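Here are some questions about the terms used to describe a structure. Each answer sets a value against a definition.

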Amino acid sequence: MATAVKRIEKEFLLKVLYDEQQPLVYLRNRKEYNFVLEKPVKGDEIFLLAQYHFPALKAKKRMSLAFDYRGALHSFSTEVISVRDDHITVKIPERLYKDLDRSYSRVAIPPDLRVQFTFLEDRYSLSYPRVNEYEKSEMSNFMKQKDLQNLSGIIQELAAWVKTYASGHKMVLFRNGVKPSTLDERIIAELGKILFLPNTGHGLPLMDPYPKKRLVTDAMFKRYLESAGTDLSRIDAETEKFLKSKRDQRIVSDVWVPVLFQEYVIGYIHIWLDRGEEKTLLDFGVIDTLSEFAKIVAFSLKTNGFFDTGLIKNEPFEGQVIDISASGILFAYPHSHLSAILLEDSDLAVKLVTPKRSISTKAHIVRHFKDPIMNYYGCHFSEFEPDDIRDLFEYIYGKPFTEQDAQFLAGQV
């Protein structure tokens with residue numbers, strides 16, 4: 001039976017949700033949506049960030065959220081305060097419950113269940129620097145306005161835009177033998193993040209304000225120097241040497257944005273502001289627009305067949321399923337060329353073959369860990385047909401799918 005936790009335990013659990021970035025599950029219309037806490041909980045509000053697409057939410061509407069902590073299912077109901085893009089602000093719940101009926105408990109894989117996976121997107125094997133994060137191919141409204149087949153036109157538009165904010169720009173693609181060579185190039189090629197010096201006299205950013213971290217911070221830059229072989233006693237001096245080299249070039253503000261395609265760093269766009277220019281220092285607004293241009297360049301390259309020779313044949317594969325629930329699956333796959341492209345944020349088509357029927361759905365990889373032999377992937381199911389979730393539930397748990405289960409699915413707990 002569900003019991004309300006005491007105030008101190010509630011505060012502890014809300015702190016754990018942020019510290020460990022535990023997913024909060026919102027179930028509505030037989031679909032599961034995931035959020036994490038964007039900021040530590042203070043005052044009377046909780047700031048949520050959608051991990052991927054989510055349903056239309058409106059202020060003053062109620063929503064129920066559930067999460068798993070150390071094997072116990074917890075839930076609370078709250079009211080939406082505001083919604084802005086992927087950011088949702090809700091009220092602190094009056095009560096938080098634990099030990100709910102575990103309708104969505106994970107169970108060992110039934111012996112007569114076969115599971116097949118395929119990628120929902122074309123995947124590629126390319127000879128570019130590779131990072132361990134997957135860049136989702138999503139078209140923004142800004143991008144939809146562009147002619148992706150006209151790469152030269154996009155580059156000309158970028159050059160015209162840069163003139164308003166910066167002294168100069170350069171776009172480099174790592175192709176035809178071009179490899180990252182300077183420190184700037186090597187660090188963005190290895191990390192796949194934006195190198196931003198808002199003011200070369202003040203150093204690198206100490207914090208990254210973006211929910212999904214995008215910047216090379218001061219600490220990250222110094223860790224990179226250490227990993228590249230710089231002696232610990234020289235880290236600060238080498239950082240200052242790097243900044244001084246910018247000032248010696250009369251650069252007062254500097255941005256390097258990687259051009260990312262899936263998990264590959266294809267190249268970068270570099271813009272800078274010289275000393276004496278009657279322009280304001282480069283800021284986050286400039287970074288946001290420059291990032292959009294970097295995505296447009298990647299989309300344009302794909303549209304023009306730039307990556308076609310590296311296209312991987314998309315054949316079904318069967319992982320070693322560890323456990324399954326009505327809302328997700330955990331599977332393992334050996335270290336291999338295939339596991340190298342199975343990354344967090346990837347989407348898979350899933351075919352669940354039972355003795356009576358086959359069920360098709362989609363799965364989003366939300367976490368990834370590994371041991372010396374295997375990679376493990378935790379996935380959330382989405383986009384079930386109405387009858388499929390009932391059949392899967394009854395097949396997995398061996399009990400009827402009740403109205404209470406349906407209400408939980410609809411987010412009405």
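Q: Why are α4 and α5 called roughly perpendicular to each other?
A: The model is predicted, so local features need pLDDT of at least 70, side-chain atom pairs count only at pLDDT 80 or more, and totals for chains, interfaces and linings use all residues. Residues are numbered from 1 along each chain as its sequence is written, and side-chain values use heavy atoms, with hydrogens and water left out. The axes of helix α4 (residues 183-191) and helix α5 (residues 218-227) cross at roughly 100°. Angles of 65 to 115 degrees count as roughly perpendicular, under 35 as roughly parallel, over 145 as roughly antiparallel and the rest as oblique. The two helices are therefore roughly perpendicular.

Q: Which residues of α4 and α5 meet?
A: L183, R186, I187, E190 and L191 of α4 meet M220, F221, Y224, L225 and S227 of α5. Contact means heavy atoms within 4.5 Å. The residues of this contact are seven nonpolar, one polar and two charged. Here Ala, Val, Leu, Ile, Met, Phe, Trp, Tyr, Cys and Pro count as nonpolar, Asp, Glu, Lys and Arg as charged, and the others, Gly among them, as polar.

Q: What makes α5 roughly perpendicular to α6?
A: α5 and helix α6 (residues 235-248) pack at an angle of about 110°, with their axes 10 Å apart. That angle makes α5 roughly perpendicular to α6. The contact between them is made by D218, F221, K222, L225 and E226 of α5 and I235, D236, E238, T239 and F242 of α6. By class it has four nonpolar, one polar and five charged residues.

Q: Why is T217 called buried?
A: Buried means under 20% relative accessible area, exposed over 50%, and partly exposed in between (1.4 Å probe, protein chains only). T217 has a relative accessible area of 11%, so T217 is buried. T217 is in the loop between β13 (195-197) and α5.

Technical notes:
Axes fitted to C-alpha atoms, helices over the stretch in contact; angles between N-to-C directions. Helix = DSSP H or I, 4+ residues; strand = E, 2+ residues; numbered from the N terminus.
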